[in-house]
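Biologist: Before we discuss this model, I would like each term to be set against its definition.

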Amino acid sequence: MDKKKIYIKTFGCAQNTADSERIKTYYWEKGYEEINNWKEADLVVINTCIIRESAENRAYGLINNVGLVKKKGKKIKLIVTGCLSGLADKDKSGKKIRELKRKFPVVDKFLPIEKISFKIDPLRDKRKAALIPISVGCNNYCSYCIVPFARGKEISRSFEKIIKEAIRVKELGFKEVVLVGQNVNSYGSDIVLKGKTKLKPIMVKSMGKGRIPTLFPYLLEEVAKQGFEKVSFVSSNPWDFSDELIEVIARNKNIDRLLHLPIQSGDDEVLKKMNRGYTVKEYLNLVKRIKKKIKGARLSTDIIIGFPGEDKAAFERSIEVYKKADFEIAYLNKYSARKGTVSAKTMKDEISRAEKKRRWWILEELIN
Ligand code: SF4
């Protein structure tokens with residue numbers, strides 16, 4: 001008998017990629033084989049990202065295309081998971097899931113990703129680096145970001161299980177590993193607060209809540225000790241980047257020297273409106289400490305262009321900051337208001353598309 005066919009489309013970040021690997025395994029165990037053409041699939045799974053308008057629209061486009069083919073009589077089961085389903089699932093009033101079902105009647109199931117257990121040993125894509133999720137969710141509420149609403153509060157996986165997974169991927173022959181989380185370097189706060197560790201927590205400056213404990217430097221060092229050629233982590237945040245973390249990276253040569261440190265804006269007023277937990281001075285100080293202690297450290301970053309309040313002077317100031325930080329790569333995103341976030345509710349998206357594009361080009365030329 002022919003195997004049933006599954007097509008999985010993943011939008012968004014490394015976390016979604018890691019989730020898709022577990023989804024793929026789940027269906028592989030049920031006898032499905034993965035294919036690259038959704039038109040020939042029995043089951044289409046769309047793993048959505050709604051952090052930016054463009055990614056959300058591309059997911060809608062695919063849902064609609066599958067819908068058109070289904071209407072013509074092709075039997076395809078369509079499952080939508082990821083942030084879009086998460087957002088609906090976390091809305092206890094049930095309004096959001098009703099809205100989604102009304103808007104997309106072609107979708108057979110909106111699946112919260114939490115239903116795909118971490119107990120699944122994922123079939124990893126055949127590339128050099130194995131992705132290991134270490135936490136899900138985020139407690140930070142940056143004013144533009146939908147993640148805390150779609151993924152919920154930050155929950156850390158058990159330290160021991162992560163190390164076991166690292167040992168397993170090493171045995172499988174992976175030379176590189178990437179630790180993945182929405183806010184990777186606050187890993188373990190919940191474990192400490194529940195009293196479930198004997199490790200001495202490392203305190204970091206958290207956003208608006210004083211200081212919080214983390215275990216990330218211990219975890220990173222333990223993974224590095226397993227002997228991988230390269231260990232990386234995404235995405236970290238400046239306020240959780242402790243001196244202990246810098247020291248761990250400095251003394252473990254196999255930890256990637258290209259560090260991702262999202263700045264988002266180079267202007268204090270804009271950072272405040274974004275509810276980011278640092279000033280430009282604090283950020284540049286951190287960069288200085290990193291570069292001083294970690295030989296060969298290079299930085300990549302995320303920048304939002306045209307956030308409300310980023311007038312021309314603020315943009316000019318930001319350029320100067322980006323020059324000082326000397327980024328090797330910047331992931332540039334033009335601001336788009338995401339429904340349900342603080343910035344969408346309280347701030348006007350006042351900068352024109354043309355101006356955002358102009359600024360995008362300036363930064364692209366300057367950094368990338
Ligand atoms: S730290 Fe901010 S930008 Fe990152 S996931 Fe959390 S809320 Fe979103």
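Modeller: Helix H1 (14–29), strand E8 (155–156), helix H6 (159–171) and helix H7 (189–193) each supply at least two residues of the lining of the second largest pocket, and H6 gives the largest share, six residues. This is a predicted model, in which local features need pLDDT of at least 70 and side-chain atom pairs count only at pLDDT 80 or more, whereas totals for chains, interfaces and linings use all residues. Residues are numbered from 1 along each chain as its sequence is written, and side-chain values use heavy atoms, with hydrogens and water left out.

Biologist: What makes a residue part of the lining of a pocket?

Modeller: A lining residue has an atom within 4 Å of a point on a 1 Å grid, and a pocket is an open set of such points where a 1.4 Å probe fits, with protein on both sides within 12 Å along at least five of seven lines. Of the 33 residues that line the second largest pocket, those closest to its centre include Phe118, Arg157 and Lys161.

Biologist: Why do strands E2 and E5 count as the edges of the sheet?

Modeller: Strands (DSSP runs of E, at least two residues) are numbered from the N terminus, and two of them pair if DSSP finds at least two bridges between them. The open sheet has the order E2-E1-E3-E4-E5 with parallel pairing; E2 (32–34) and E5 (109–110) each have a single partner strand, so one side of each is left without a neighbour in the sheet.

Biologist: How do you know that E1 and E2 pair?

Modeller: Three bridges join E1 (residues 4–10) to E2, where at least two are required, and Ile6 has Glu34 as its bridge partner in E2.

Methods
Helix = DSSP H or I, 4+ residues; strand = E, 2+ residues; numbered from the N terminus.
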